[in-house]
Amino acid sequence: MIQIYHNPRCGKSRNCLIQIQEAGKSFEIIKYLETPPSYEELVLLLKKLNLKPLELVRQKEKIWVENFKNKPLTDEEIIKIMVVNPILIERPIVIKDDKAFIAREQDSWKKVL
């Protein structure tokens, strides 16, 4: 089953969800702003994405710019920041089994299939 880390207010996230629906794939929506991932879930997600924590951060978000930009942070600290501030997590993220991808471009979600 496909999972999508989804923010309904994000156009790219909505478009990705529509494409998955139109393809007739089974999926689960994870509204990560309502139910933020735990530290352990983010560690697993980063492994599936094959990314460093900073690469998953939306670095132009006001929260990041005002509070964390240019500060020397460890990977663990960055993950904890995302747990407390899930708006900082890039989106949408499409997951299937042990693969995941940030699906910002049209049809890019298909890479996890």
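## Terms and model

Helices (H or I, at least four residues) and strands (E, at least two) are here DSSP runs, numbered from the N terminus. The structure described below is a predicted model.

## The sheet

Four strands make up an open sheet in the order S2-S1-S3-S4, and the pairing within this sheet is mixed. Strand S2 (27–30) and S4 are the edge strands, each with a single partner strand, so one side of each is left without a neighbour in the sheet. On average, and with direction ignored, neighbouring strands are turned by 20° against each other.

Strands of a sheet pair through backbone hydrogen bonds, in either a parallel or an antiparallel sense. S1 and S2 are joined by four bridges in the parallel sense, and in this pair tyrosine 5 stands opposite isoleucine 30 of S2. Strand S1 (residues 2–5) and strand S3 (residues 93–96) run antiparallel and are joined by four bridges, with isoleucine 2 opposite lysine 96 in S3. S3 is also joined by four bridges to strand S4 (residues 99–102), again in an antiparallel arrangement, and here isoleucine 93 faces isoleucine 102 of S4.

## Helices across the sheet

Helix H1 (residues 11–22) lies across S1, S2 and S3, and runs at about 165° to S1. Helix H2 (residues 39–49) lies across S1, S3 and S4, and its direction is at about 85° to S4.

Leucine 49 belongs to helix H2, and this leucine counts as buried because its relative accessible area is 11%, where buried means under 20%. Not counting residues up to four places away in sequence, leucine 49 touches Leu56, Ile93, Ala100, Phe101 and Ile102. Leucine 49 and valine 94 are 45 residues apart along the chain, while their C-alpha atoms are separated by 9.5 Å.

## Arginine 91 and proline 92

Arginine 91 is placed in the loop between helix H4 (75–84) and S3, and proline 92 lies in the loop between H4 and S3 as well. The peptide bond leading from arginine 91 to proline 92 is cis, with omega near -15°.

Arginine 91 is buried yet has no salt bridge, the nearest side chain of opposite charge being that of glutamate 61, 4.4 Å away. When neighbours within four places in sequence are left aside, the residues in contact with arginine 91 are Tyr5, Asn7, Cys10, Tyr32, Arg58, Glu61, Ile102 and Arg104.

## An aromatic pair

The structure holds two aromatic pairs. One of them is formed by tryptophan 64 and phenylalanine 68, which are tilted, with 5.5 Å from centre to centre and 40° between the planes. Tryptophan 64 counts as buried because its relative accessibility is 5%, and phenylalanine 68 likewise counts as buried, at 17%.

## Two residues with positive phi

Asparagine 50, a residue other than glycine, has a positive phi near 60°. Asparagine 50 is found in the loop between H2 and helix H3 (62–67), and at 68% relative accessibility this asparagine counts as exposed.

Aspartate 97, in the hairpin of S3 and S4, also takes a positive phi near 60°, and this hairpin has two residues between its strands. With a relative accessible area of 56%, aspartate 97 is exposed.

Methods
Residues are numbered from 1 along each chain as its sequence is written. This is a predicted model: local features need pLDDT of at least 70, side-chain atom pairs count only at pLDDT 80 or more; totals for chains, interfaces and linings use all residues. Side-chain values use heavy atoms; hydrogens and water are left out. Two strands pair if DSSP finds at least two bridges between them. Axes are lines fitted to C-alpha atoms, for helices over the stretch in contact, and angles run from 0 to 180 degrees between N-to-C directions. Contact means heavy atoms within 4.5 Å. Buried means under 20% relative accessible area, exposed over 50%, partly exposed in between (1.4 Å probe, protein chains only). Lys and Arg count as positive and Asp and Glu as negative; His and the chain ends are not counted. A salt bridge is a side-chain nitrogen of Lys or Arg within 4 Å of a carboxyl oxygen of Asp or Glu. Rings of Phe, Tyr and Trp (its six-membered ring) pair if their centres lie within 6.5 Å; planes under 30 degrees apart count as stacked, over 60 as edge-to-face and the rest as tilted.
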